[in-house]
Amino acid sequence: MSPLIKQANREHSPGMKTFVLLLALLGIAFSHVHKMRLHKRDSLRKVLAAEGKWEEYVASKNFLRADRVTLASGYPQKVNDYDDAEYVGNITIGTPGQAFEVILDTGSANLWVPDSTCGGGVTNPCQNKHKFQSSASSTWVKNGKAFTISYGTGSAKGFLGQDTVRFGTDAGALTVPKCTFGQATSIAAFFKNEVIDGILGLAFQSLAVDNVKPPFIEAIDQKLVDQPLFTVWLEHEGNKENVPGGIYTYGAVDTDNCGPVIAYQALSSATYFEFKMTTIGLGSYSNSKGWQVISDTGTSLIAGPKAIVDQIGEAAGAKNAIVGQIREAAGAKFDRTIGLWIVDCKANLPTLDIVIGSTTYSIDTSNFIIPATALKCGLAIQDFNGGGFGPSWILGDPFIRQYCQIYDVGNKRMGFAKSLQGK
């Protein structure tokens with residue numbers, strides 16, 4: 001190298017280093033990947049079971065559900081009642097941001113929160129909720145169109161508005177302007193028992209009531225994320241409450257908390273995140289009938305057809321109640337007061353094996369046996385009647401804790417990666 005070039009390199013080296021550093025910092029600043037922390041709290045099932053009120057609550061819900069089916073002119077939207085939801089996140093709406101605690105739900109597609117006008121008489125379910133004040137936001141835009149989201153036992157209804165939604169409360173949170181959301185003036189009575197304020201649906205727009213564009217789809221369309229996908233990683237926290245619960249990573253695969261992607265599975269329906277499961281089994285029991293399933297962050301259990309769930313329960317040394325009676329089998333029993341199969345908290349069970357595509361995904365006891373109360377444990381599975389519409393199985397938190405879920409909206413597929421955490 002000539003002396004002139006050497007001198008030029010010496011003269012420009014500090015500047016080049018500064019320039020490279022500046023580029024790196026700009027890369028971080030303009031990176032469209034956003035992490036959102038969750039926190040975990042007790043599900044409504046656990047709270048009511050501890051108070052001895054679960055069985056009464058279920059009976060009341062079943063009555064209301066039967067009454068609505070009799071009177072309703074159509075079918076309610078197939079979304080969760082959220083009795084078992086345990087992972088919640090904080091969002092803000094408006095400028096300045098107004099904070100709300102919501103369920104981040106891949107099983108629905110609308111965002112709604114209570115409006116400042118939300119009421120309901122003596123038993124007002126909105127009473128202890130955070131409520132959105134339109135007049136306090138400089139970016140709120142009136143829409144005015146009415147909305148109603150029907151659940152099995154009631155509804156959330158009100159009117160639509162438009163404003164900025166932030167996925168989290170920190171400065172680096174994904175911020176999406178011009179999101180259309182529901183401002184509920186009344187909500188179903190069962191939401192009174194829930195600590196959450198509302199629901200943030202993350203499924204596809206085709207599932208949304210009134211075809212309202214979901215906030216994450218809005219973020220994709222506005223090119224606010226690097227990739228049109230998000231990753232969900234849930235922590236193992238046992239019977240703890242109000243502790244860190246996991247991370248949603250918007251715009252990228254989470255490589256900090258998740259291993260390499262094991263496989264992708266094409267969606268059979270871009271409504272829910274719905275795909276084909278070919279086999280499920282535990283121990284000596286296996287069934288390869290094949291079903292449509294969804295990955296759903298809105299429930300803390302795995303749910304499926306009663307006949308198969310019963311056989312899995314029996315294979316695990318538990319049996320369901322028959323004609324309302326509690327029957328013991330192999331030291332385990334179905335407890336109607338909790339609605340779960342009770343097992344020894346330290347039981348050494350076989351893995352629950354699920355086959356998707358050509359890959360077997362095994363859920364071990366650290367995720368399949370869950371705290372039911374302070375002193376009891378149960379199997380994280382329950383029966384689910386899809387009524388012939390939609391999916392036959394719901395793969396909730398036990399599966400998601402074992403395997404990170406990559407919700408690849410752009411390619412209409414699901415990805416699965418081993419969760420990088422201790423049991």
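Q: Which strands form the open sheet, and is the pairing parallel or antiparallel?
A: In this predicted model, the open sheet consists of four strands in the order β15-β14-β21-β22, and their pairing is antiparallel.

Q: Which strands stand at the edges?
A: The edge strands are β15 (285-287) and β22 (359-363). Each has a single partner strand, so one side of each is left without a neighbour in the sheet.

Q: And what is the average twist from one strand to the next?
A: The twist averages 15° between one strand and the next.

Q: How many bridges join β14 and β15?
A: Strand β14 (residues 279-282) pairs with β15 over three bridges, in the antiparallel sense. Asparagine 287, in β15, is the bridge partner of isoleucine 280.

Q: Which helix packs on the sheet?
A: Helix α5 (residues 306-315) packs there, touching β14, β15 and β21 (352-356). The direction of helix α5 makes about 160° with that of β15.

Q: Changing topic: how many aromatic pairs are found in the whole structure?
A: A search of the whole structure gives 19 aromatic pairs. In one of them, the ring centres of phenylalanine 216 and tyrosine 250 are 5.6 Å apart and the planes are at 40°, so this pair is tilted.

Q: Where do phenylalanine 216 and tyrosine 250 lie?
A: Phenylalanine 216 belongs to helix α4 (residues 215-221) and tyrosine 250 to strand β10 (residues 243-250), so the pair ties together parts that are 34 residues apart in sequence.

Q: Is phenylalanine 216 buried or exposed?
A: Phenylalanine 216 is buried, because its relative accessible area is 1%, under the 20% cut-off. Tyrosine 250 also counts as buried, at 0% relative accessibility.

Q: Which residues do ring pairs link into a cluster?
A: The cluster contains Phe167, Phe204, Phe216, Phe230, Tyr248, Tyr250, Phe273 and Tyr407. Tyrosine 248 is buried, as is tyrosine 250.

Q: What sits over the ring of tyrosine 264?
A: The charged end of arginine 413 does, 3.5 Å from the ring centre.

Q: Where is confidence lowest, and where is it highest?
A: Confidence is lowest in strand β18 (residues 328-329), with a mean of 32, and highest in strand β27 (residues 403-408), at 98. The protein averages a pLDDT of 79, and 74% of the residues score at least 70.

Q: Over which residues does pLDDT stay under 50 with zero contacts beyond four places in sequence?
A: That description applies to residues 19-29. Residues 63-80 also have a pLDDT below 50, but this stretch has 32 contacts in the model beyond near neighbours in sequence. Where pLDDT is low, the predicted coordinates should not be read in detail.

Note on methods: Residues numbered from 1 in each chain as written. Predicted model: local features only at pLDDT ≥ 70, side-chain atom pairs only at ≥ 80, totals over all residues. Heavy atoms only, no water. Phe/Tyr/Trp six-rings, centres within 6.5 Å; stacked < 30°, edge-to-face > 60°. Helix = DSSP H or I, 4+ residues; strand = E, 2+ residues; numbered from the N terminus. Buried < 20%, exposed > 50% of the residue type's maximum accessible area, 1.4 Å probe, protein only. Lys NZ or Arg CZ within 6 Å of the ring centre and 35° of its normal. Pairing = 2+ DSSP bridges. Axes fitted to C-alpha atoms, helices over the stretch in contact; angles between N-to-C directions. Contact = heavy atoms within 4.5 Å. pLDDT = per-residue confidence, 0-100.
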